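This report describes the architecture of a two-chain model, with the sequence and structure shown below.

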Amino acid sequence: MKRNVPLAIVFVLGVFFVVQFFIPSHPSQVAYNTMLEWDMALLVFATVIALDSLIRHHTQKIMRRQGQWGYSAVYLSAALLMALAGFIGGTTDTSFYMKLFQYAMSPMQTSMFAILAFYMASAAYRAFRARTAEATLLLISAFIVMLGLIPLGATIWGGMPRLSEWLMQVPNMASKRGITFGIGLGAVATSLKIILGIERNWLGGA
Amino acid sequence: MGKMKMFLLACLLMPVLALGLEPPTDLNAVDTPNDDGTSITVTWKTSASDVDTRFNGYNVERSEKAEGPYIMLGWMPRNSGHYQDNSITAMNLNYYYRVVALSDVGDSAASQATGPVAASQSWFNTGKFNTLFGTIIFIAITLWFIQRAKNGRLFIRRIAGLDAVEEAVGRATEMGRPILYCLGLDPISTVATVAALNILGRVAKKTAEYDTPLVVPTYDPIVHTVAREMVKEGCNSMGRPDLFKEDSVYFVTNDQMGYAAALSGIMAREKPATNFFMGYYYAEALVLAESGAATGAIQIAGTDAVTQLPFFITSCDYTLMGEELYAASAYLSKEPLLVGGLKGQDACKLLIVAAVILGTLWALIFKSDVIYNFFNVG
């Protein structure tokens, strides 16, 4: 029962969505939109469970004085402050909540994003070390592509921008499309196996 | 004085008279095919005045009677000859359309009305016939291979990233450190997330077998709920329900960079021996992979996000590329039915490669794009 009911629901809904994809009529669209609304309703309940897990996780860390529990205390205080600011003061442009968002949260998000530049430099260093023939090929290709994108490349050799574009549009695009074919077929095959109940791992220990 | 007024009036009307605005012609309105009965498509031949710099575009108007009154639906710029009326609220009700040419100097010229035309719904999208055809072929091939797999063992090539899963769990056990498992940023409706959950099920069983701590910080509330149940069931199925800890699978945040920051912090503080990055990732992929690499953890990534693959390949020890992520469940379990599905995929890939080669040759030899057009989805 514990396994058969979810499998039956997945089969019925899976077949429904496959058939619905080919039927553009009004009842079909209404049914599809209703399903999306159910999805939203499900999300609300799942959010409550997720928030419960989040609060429980950090509260337990603080109560047990687990290693570096201070971070959990800071996190819970910040979350509580944001929530209270939103509930009490509202979320208008001049509210305290928006000030917290604009002057604390947004800069932190931007800083995190900016760190990407440094990570890119370290990753590029690792990728471009010419240890093997393939890595050397990658290094040369990347060098040509980068040169082709800046005025210096065209100054060194007039054909550099075209060579750079060719590398991006032909070998790079061909490999990307090859991967995309595999992804598309893999996605359909995985869906098919789940709908037919062949793949049951998502049920947990089944 | 009267002559002066006439002169000024003539000066004002001069530009209008000079334009001599012509209405659009050959107006046609048809029920939009393959829709839910809420749309009518109007086409027309552009006005002869469309070439004039003072020409200002077209107003599309609709009425329920040929003689009007007409209400304006929308404005289309010059050189356009197509408008889709998506504001139909009643099916099988007759409508009439006309298109009015406009000029900058304020004059207009309406076309002859066309109609009656009524919107109706379609019960099959003929533009997706090729998709249906391809889907049936694909399903038939996959089912055939699944059937064949029941009778004998099929060969699958070695996937290093999946072979390393057991080694990675063993390493964490030996080091007495936890395993970090990330499920990506996409919701449960994405196949990559489902595939990542499938692998989590296997990893959860392995960690329960070796008594290794597993940490699963999640991004999406629904994925969190499913992941929690999977880890719990993984422990139960190995006869170790006591190993499941409520706070081992926990929700972190629904913010992209917040999630990246939290995971970087977990990696720096808890120093997991193994990091799994499975599912769909965006810009945070590099932050996660580089933070993990800095801690010296063995890292196994698997994603179908083509733009993030280079970052994972660079920073992780093993990377499952695209379909390898979907193949993981079959590869790890070696179940004949799942392996049969994989072989079906490979056969379909061969068919696609053959179609690409045939289409290319056809286009080069016959200068025709018949095969290319067959693969266009309407």
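Which strands of chain B does helix α6 (residues 256-270) lie across? Helix α6 of chain B lies across β9, β10 and β12 of chain B, and runs at about 165° to β10(B). Such angles are taken between N-to-C directions, from 0 to 180 degrees, with axes as lines fitted to C-alpha atoms, for helices over the stretch in contact.

## Basis of the model

The model is predicted: local features need pLDDT of at least 70, side-chain atom pairs count only at pLDDT 80 or more, and totals for chains, interfaces and linings use all residues. Residues are numbered from 1 along each chain as its sequence is written, while chains are lettered from A and ligands numbered from 1 in the order in which they are written.

## Overall form of chain B

Chain B has 11 helices and 14 strands; these are DSSP runs numbered from the N terminus, helices being H or I of at least four residues and strands E of at least two. The radius of gyration of chain B is 32 Å, well over the 21 Å that the globule rule gives for 378 residues, so chain B is more spread out than a compact globule. The radius is taken over C-alpha atoms, and the rule is 2.2 Å times the number of residues to the power 0.38. Along the principal axes, the C-alpha atoms of chain B fill a box of roughly 105 × 55 × 45 Å.

Of the 378 residues in chain B, 44% are buried. A residue is buried if 20 or more other C-beta atoms, placed from the backbone, lie within 10 Å of its own, exposed if 12 or fewer do, and partly exposed in between.

## The six-stranded sheet

An open sheet in chain B has six strands in the order β11-β10-β9-β12-β13-β14, with parallel pairing; two strands pair if DSSP finds at least two bridges between them. At the edges stand β11 (249-251) and β14 (318-321) of chain B, each with a single partner strand, so one side of each is left without a neighbour in the sheet. From one strand to the next, the twist averages 15°.

Strands β9 (residues 179-184) and β10 (residues 214-218) of chain B pair over two bridges, and Ile179(B) stands opposite Leu214(B) in β10(B). Helix α4(B) packs on the sheet, touching β9, β10, β12 (274-280) and β13 (298-303) of chain B. Five bridges join β12(B) and β13(B), with Asn275(B) opposite Gln299(B). In β13(B), six of its six residues are buried: Ile298(B), Ile300(B) and Gly302(B) point one way, and Gln299(B), Ala301(B) and Thr303(B) the other way.

## Nonpolar cores

The largest nonpolar core has 95 residues, and those with the most contacts inside it are Leu200(B), Ala227(B) and Ala289(B). Such a core is a set of buried Ala, Val, Leu, Ile, Met, Phe, Trp, Tyr and Cys residues joined through C-beta atoms within 7 Å. Helix α4 (residues 191-210) of chain B gives the largest share of this core, 11 residues. Apart from it lies another core, of 17 residues, including Trp44(B) and Tyr97(B).

## Contact between the chains

The contact takes 53 residues from chain A and 63 residues from chain B; two residues are in contact if their C-beta atoms, placed from the backbone, lie within 7 Å. On the side of chain A that touches chain B, α7(A) supplies the largest share, 16 residues.
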